[in-house]
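User: I have a structure open and would like to go through it. Could you help me read it?

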Amino acid sequence: MNSFEKLHSENVRTEAEGAILVLPVGAVEQHGPHLPLTVDTEIPVRIASMLVERLNVIVAPAVPYGARSLPQSGGGPSFPGTINIRGSVLTEYLKDVIGGYIATGFRSIVILNGHYENESFIFEALELCRQEGKLEGTKIIAIGWWSLVSNATLQKLFGDRFPGWHAEHASACETSLMLHLRSDLVGPTRVDNATPPRPGIYLFPTDPSRISNRGVLGSSSPATAEIGIALCEEICSQLVALVQEHMGAAPTRKKGASTER
């Protein structure tokens, strides 16, 4: 059983035994004129659903709201549609959610992040859980999908055109993944930004026109569904390998497959 919707109070502990819970964490944030506000949630949810065919995975309902993005990393008050959660609130929220799933009986949990600015708050929530003794007997992986993409793959797909993950917002990778995973949500507009922002700099006041082009930090024109397929395959295969290495999980045998060698 891999569908969370089929769980109820009398079977959830049984189903949790030996299963891997995948918790997608995303955000509601502007992604230019061609992508929906839900990109940071859509991508980890779709990737998580693909793991069901490869591992004994139960995909939890996503956390759809995320930490604040600065203007130079995609968010900010200049673009409507971005919903921010204060870091302290997000940390406490995630701590309660993670602790709740552990108390329910899940001992292997993958937190799959789709919004870069969530990362430190996810780690902080896990550290607070650890300090309170809630992680005893569990195995946890918390990772952003971009961390599963190798430099070699980026070089193969984009050559020297990849600006760095800090400037990937609404750009080639996210657009390509969405073209593969949810093409119905991708509009025809393609926007490029000739001067992607530099990482790790906070400026106030901020001139939005010097940071992005209509909310796009890099370039969306190179995006294709074929690139999305390649990215998705690497993300999934690398995540499966990481789960097997860290959690000792065996791959799911497809229906009808023989166990004989």
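Predicted model: local features only at pLDDT ≥ 70, side-chain atom pairs only at ≥ 80, totals over all residues.

User: At what angle do helix 2 and helix 7 cross?

Analyst: Helix 2 (residues 39-51) and helix 7 (residues 225-247) cross at roughly 60°, and their axes come within 10 Å. Helices here are DSSP runs of H or I with at least four residues, numbered from the N terminus. Axes are lines fitted to C-alpha atoms over the stretch in contact, and angles run from 0 to 180 degrees between N-to-C directions.

User: Which residues make that contact?

Analyst: Helix 2 contributes I47, M50 and L51, and helix 7 contributes C232, I235, C236, L239 and V240, where contact means heavy atoms within 4.5 Å. By class, this contact has eight nonpolar, no polar and no charged residues. Ala, Val, Leu, Ile, Met, Phe, Trp, Tyr, Cys and Pro count as nonpolar, Asp, Glu, Lys and Arg as charged, and the others, Gly among them, as polar.

User: And how is helix 5 oriented to helix 7?

Analyst: Helix 5 (residues 151-158) packs on helix 7 at about 170°, with the axes 11 Å apart. The two are therefore roughly antiparallel, a term for angles over 145 degrees. T153, L157 and F158 of helix 5 meet I227, A230, L231 and E234 of helix 7.

User: Changing topic, what volume does the largest pocket have?

Analyst: Its volume is about 450 Å³. A pocket is an open set of points on a 1 Å grid over the protein atoms alone, where a 1.4 Å probe fits, with protein on both sides within 12 Å along at least five of seven lines; lining residues have an atom within 4 Å of a point. The volume is the space filled by probe spheres set on the points, which are joined across faces, edges and corners.

User: What lines the largest pocket?

Analyst: The lining has 23 residues, and S73, Y116, E117, W165 and H166 lie nearest the centre. The lining divides into eight nonpolar, eight polar and seven charged residues.

User: Where is P205, and is its bond from F204 cis or trans?

Analyst: P205 is in the loop between helix 6 (172-181) and helix 7. The peptide bond from F204 to P205 is cis, with omega near -5°. P205 is also among the residues lining the second largest pocket.

Technical notes
Residues numbered from 1 in each chain as written. Heavy atoms only, no water. Parallel < 35°, antiparallel > 145°, perpendicular 65-115°, else oblique.
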